[in-house]
Amino acid sequence: AVVSTQSTGYNKELKCYFFDRNRKAFEAILNFYRTGHLQCPNSVEIKAFEGELEFFRITARNNQDTDAVETKRKPHRHKNWPRWQRKIYYVVAEPGEDIRSRVWAFVDTIFILCSIILFIAETEPYFKRKIANKEPVW
């Protein structure tokens with residue numbers, strides 16, 4: 001792919017590139033530049049992946065393999081799981097993929113922050129005294 005400072009993704013003020021593209025597809029494209037092997041990720045539709053390849057001007061000539069882009073998908077690791085179990089797995093394992101994943105990540109972060117705050121509060125002498133005397137804290 002030819003990227004120059006005249007590209008639409010170049011920010012002259014910050015002197016850097018910004019591509020607002022499909023994250024999963026970009027990871028595969030970046031991996032192609034590292035390894036020379038290009039494969040469409042399972043989480044990206046083939047048409048969308050081909051659009052990303054077109055945007056970055058990656059053709060069969062760029063790919064050192066003779067078969068160009070592997071459009072065969074890797075077998076799904078969890079294909080034998082029930083549908084509801086796969087959905088829960090992808091919500092938890094792939095944060096940011098959809099709104100459910102983002103909500104899960106937000107709730108998970110809130111619980112972690114609350115745990116940290118309560119852990120710190122337990123070390124405060126005021127609360128230790130109240131707990132030892134079994135007095136209500138509030």
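Here is a short walk through this structure, from the whole chain to one of its helices.

The model is predicted, so local features need pLDDT of at least 70 and side-chain atom pairs count only at pLDDT 80 or more, while totals for chains, interfaces and linings use all residues. Residues are numbered from 1 along each chain as its sequence is written, and side-chain values use heavy atoms, with hydrogens and water left out.

Let us start with the overall layout. The chain has 5 helices and 2 strands, taken as DSSP runs (H or I of at least four residues for helices, E of at least two for strands) and numbered from the N terminus. Going from the N terminus, the order is β-β-α-α-α-α-α. Of the 138 residues in the chain, 16% are buried, meaning under 20% relative accessible area, with exposed over 50% and partly exposed in between (1.4 Å probe, protein chains only).

Now to helix 1, residues 23–35. Its buried residues are Lys24, Ala25, Ala28, Ile29 and Phe32. Seen down the helix axis, these fall within an arc of 140°, so they line one face of helix 1; the arc is taken from the directions from the axis to the C-beta atoms. The buried residues of helix 1 pack against helix 2 (46–55), where contact means heavy atoms within 4.5 Å. Just after helix 1, Gly36 has a positive phi of about 85°.

Finally, the cysteines. Cys40 counts as buried because its relative accessibility is 2%, whereas Cys114, at 40%, counts as partly exposed. The whole structure holds 0 disulfides, a disulfide being a pair of cysteine sulfur atoms within 2.5 Å.

Terms used: Expected span 1.5 Å × (residues − 1).
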